[in-house]
Structures are given as structure tokens and as C-alpha cells.
Amino acid sequence: MAPRWLVYALVLLAALSVVPFALIARSRASTSAQPHIQLILDMAKQPKLKTQTSNPLFADSRAMRPRVAGTVARGELEEDSAVWSGRDGGNWVTAFPVPVTERLMHRGQERYDIFCAPCHGLAGYGDGPVAKRADALQEGTWTPPSSYHTDLVRGRPVGHLFNTITYGIRNMSEYGSQIPVEDRWAIVLYVRALQRSQDASVGDVPPELRRQLR
Amino acid sequence: MSAEAGGRLFFPRWANLARPALAVALVVVPAYLVLLLAYGASPRTINVGYQPHQPVPYSHALHAGQLGIDCRYCHTTVEKAAFAAVPPTQTCMNCHSKIRAASAKLLPIRESYATGLPVPWVKVHDLPDFVYFDHSAHVRRGVGCVECHGRVDKMEVVAQVHRLSMGWCLDCHRQPDRHLRPPELVTKMEWVPPEDPLVYGRRLREATKINPSTDCWTCHR
């Protein structure tokens, strides 16, 4: 028979062999802030610069370079001032400078719900979840978002609404960098629809649908 | 025990076991190592659960969960481009110039806003550079964020929950049905199909002719 020490050693070895598995199981069940070790590098990290990566060559370390001042990207030559700025000469445009379609309306609804509803609320009364939370904080720096259903905002020309999105207004910041031009017009269209919907009379409902009203 | 007799070294009797023991060891040890490697180096172990520390204690659970801000408010390029942009500082300042404008937690944001230097967010999901991935191709065809990123709206700090290995990509590309939804609902994290996901997904796939490719050049180009 094998000596006792050898038997013990073998049992100990068998017991220890479970330890790595236990450690791995523990790491699988928890999160780690360490990036994983790449066993085989292949070409996983290439010296090319990808979107939103850093490049120490530049003072601001951005690999993506901002546009050089005075240059115009393809398709962004702001030819039609009514479309691009909501202004015609010195005046706000009052009619939509883009074709008004059902698709534009649906697009507007979707974009409104993404970008405006957090503050202005789904129906535009200024009661979105962010506005409510900010009100509850009572910090004194917060101005409640305007309701769209006031005579002032109802009376704003579409060009002015467009400009409000592009550059912000008073305490509201600009959304021009987040929302492309077509989408801004779509949102203006939807804001107009919201305003109509909260300020409608029976006369606005097509006759064949009036019976459904309660 | 090993005894010395007449100056000769005798092996003890149990030493006869060495040969079969060696044979067993030659089978057991490699098998053990293979198992250990398969378990320890699997993408499930290595990739999942990576949760780097971020420079700002920004919480998706608060912003996307409680406040219900749509993913696309911040990740604006996700439907248009391959890359889902992490928002610029301006986006945070839309609100935080007025809300918690003096919070210490937001100091790096205000600094970045003042200096124009980017906030050094740490990338969580990171495919090898030899893989091509495209968000817009998925999001526009109705693969929800939750399918690949998990319940981000419940995370205080973003962690990786899926393997992002080639096998994982292919599992879905071969059989996408249960992962599909109408494209306008991609950011709704808690959405569940109104019927059996397989049946619902198959109908969607057939109606919109979704056919994810499994050719090598789709992802390696």
C-alpha cells in the first residue's frame, strides 16, 4: 500500500484542483473594473483611430477633429434661409417651408417624445418627469418649461418655434446640435398639432367622426 | 520503507504503482487543464461583467429609468451610424446648467464645459478592431438595445452583460426571430411581445424581409 503521506498529498491535490474553478465561478458572478486580459492579440488593437477615440497629437486629445471654421459640409450649404433658420429676410416664416405630410407628423411625434417630452410633457403642458423632479428639488435655478397652450406660444410663428429649438430661448438650452434640420421642422409640426388638439372645438372634428365624441 | 541492504537501493513495493499512476495522470492532468482553460477563458467568463469606473457617477437607472429619458436623447447617432455616440458635455448641460448646477458629482462635466476638453468616459463594450459592427443596421430593423446591452435602465454603472463573441453574434444572425420587435420600440426596455416571441418575431421577419447575413465579410471587412 502507498504510504500515508502520499495519500494525503493526493487528496489535498484533488481538493486544491477545485479552487481555480471556484475562483472563476466567483469572478463570473461578479463584475470587474479591470479590462480583460487578451490572450491572443491578433489585430484586436490596431493603431487606427476610431470614432470618439483619443489622439495625443492634438491639445484637446480628440481623434475626431471639429470642423474647420468657415467650411461647409456636403448637403449643409444653408441655401434656403427659410428652411435653415426659420427666417425670411428679417421676418419669422409663418408657413411651413417644407412639405407637410403625414410621415413628417409621425416623425415629429417620435422626435418630440424623445427630445422635448422629458421637460415639456407628452401633451406640452410643461409637466414632464424631468420638470417635476427639478421642481421637487426647489433649487431656485430652475425655470419651469413653458406650456405650449398659452396665447403667447400659440401665437408664435413656426419660424420662431424652429429658432427656439435651434438656439434655445431664455432658460431653455439649444437643441440644434442634437436634432437635424428636417427633424426640427417635424417637431414644430407636431407642436402645432398638440396646440390644436388642446384648443379644439367641435367644428374642428370632421362631421363623420363627430358621433364618436362624448 | 526504502531499506538499505548491502549498499543497494530498493524501491518500495508501492513504487510499482508509479507506472499506472503516471498513465492516469497523463489523462487526468491534460483533461483538467483543458476544462480549466475552456471555463476560465470562455467569453462568458472573460467578457461579461466588465464594469469600469467612470469619471462621473452618471446613472442610467436615474436618467433612463426613473426620469424616462429616451436613449436617443443622448445616443443621438444610434439610428443613423455604425457608432452609438456617447453624448457631448453640452447634452448634460442642457439640464445641469439649471438642475444640480453646483453638485460636486458634476464637477468634471462643468470643467469640461468650461475648457472644451472631452470627458474621459471609459468604453465598456469594445469589440476587437477587426470586427465591423453597425448599430443602425440593427436598430432600424428592430433589434432592441436590451437584446445586446441588457437592462441598462436599471444600471447605476454600465456593465457588459452579453458575451459579444462571434458565437453570440451568429446565434442571433442564424435565428433572429425571438429578438425582433417593431423598429419604433427599440428603446423600450421593458417591452415584451404580445404573443409567443418566436411566432411574433417570425411574422415580423417575414413581413420586413429581415435576413441577417452569416457571411464572413459581413463582420470582417
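Student: Why does Gln160(B) count as buried in this predicted model?

Tutor: The relative accessibility of Gln160(B) is 7%, and the word buried is kept for values under 20%, so Gln160(B) falls on the buried side of that cut-off.

Student: Where is Gln160(B) found, and which residues does Gln160(B) touch?

Tutor: Gln160(B) sits in the loop between helix H8 (145-149) and H9 of chain B. Leaving aside residues up to four places away in sequence, Gln160(B) touches Asn47(B), Val48(B), Gly49(B), Tyr50(B), Val124(B) and His125(B).

Student: What lies 2.9 Å from a polar atom of the side chain of Gln160(B)?

Tutor: That is the backbone oxygen of His162(B).

Student: What makes helix H8 of chain A largely enclosed by the rest of the structure?

Tutor: Of the ten residues in helix H8 (residues 158-167) of chain A, nine are buried, and therefore the helix is described as largely enclosed by the rest of the structure. The buried residues are Val158(A), Gly159(A), His160(A), Leu161(A), Phe162(A), Asn163(A), Thr164(A), Ile165(A) and Thr166(A). Their cover includes helix H3 (81-85), strand S1 (87-88), strand S2 (91-92), helix H7 (151-154) and helix H9 (181-197) of chain A. Just after H8(A), the backbone at Gly168(A) takes a positive phi of about 75 degrees.

Student: How do you know that Arg111(A) forms a salt bridge with Glu79(B)?

Tutor: The closest N and O atoms of Arg111(A) and Glu79(B) are 3.1 Å apart, and a salt bridge requires a side-chain nitrogen of Lys or Arg within 4 Å of a carboxyl oxygen of Asp or Glu, so the pair qualifies.

Student: What makes Glu110(A) and Arg107(A) a salt bridge, and where do they lie?

Tutor: Their closest N and O atoms are 3.6 Å apart, which is within the 4 Å limit and therefore counts as a salt bridge. Both residues lie in helix H4 of chain A, three residues apart, or about one turn of the helix.

Student: Which residues are linked in a network of salt bridges?

Tutor: The network links Arg107(A), Glu110(A), Arg111(A) and Asp183(A) with Asp70(B), Arg72(B), Glu79(B) and Lys188(B).

Student: How do you know that Arg205(B) and Asp177(B) form a salt bridge, and what makes this pair one that links distant parts of the chain?

Tutor: The closest N and O atoms of Arg205(B) and Asp177(B) are 2.5 Å apart, so the pair meets the 4 Å criterion. The pair links distant parts of the chain, with Arg205(B) in helix H10 (residues 197-208) of chain B and Asp177(B) in the loop between helix H9 (166-174) and H10 of chain B, 28 residues apart. Asp177(B) is buried, with a relative accessible area of 3%, whereas Arg205(B), at 23% relative accessibility, counts as partly exposed.

Student: How many residues of chain A are in contact with chain B, and what area do the two chains bury between them?

Tutor: There are 53 residues of chain A in contact with 49 residues of chain B. The two chains bury about 4400 Å² between them, 59% of it on carbon and sulfur atoms. On the chain A side, Phe21(A), Arg28(A) and Gln178(A) lose the most area to chain B, together 15% of what that side buries.

Student: How many residue pairs are in polar contact between chain A and chain B, and which helices of chain A each supply at least two residues of the side that touches chain B?

Tutor: The count is 16 residue pairs in polar contact. The helices of chain A that each supply at least two residues are helix H1 (4-16), helix H2 (18-29), helix H4 (102-115) and helix H6 (129-137). H2(A) gives the largest share, six residues. By class, the side of chain A that touches chain B has 25 nonpolar, 16 polar and twelve charged residues.

Technical notes: Residues are numbered from 1 along each chain as its sequence is written. Chains are lettered from A and ligands numbered from 1 in the order in which they are written. This is a predicted model: local features need pLDDT of at least 70, side-chain atom pairs count only at pLDDT 80 or more; totals for chains, interfaces and linings use all residues. Side-chain values use heavy atoms; hydrogens and water are left out. Buried means under 20% relative accessible area, exposed over 50%, partly exposed in between (1.4 Å probe, protein chains only). Helices (H or I, at least four residues) and strands (E, at least two) are DSSP runs, numbered from the N terminus. Contact means heavy atoms within 4.5 Å. Buried area is the accessible area (1.4 Å probe) that two parts lose on being put together, summed over both. A polar contact is a pair of N or O atoms within 3.5 Å; within protein, one must be able to donate a hydrogen and the other to accept it, and residues adjacent in sequence count only if both atoms are side-chain atoms. Ala, Val, Leu, Ile, Met, Phe, Trp, Tyr, Cys and Pro count as nonpolar, Asp, Glu, Lys and Arg as charged, and the others, Gly among them, as polar.
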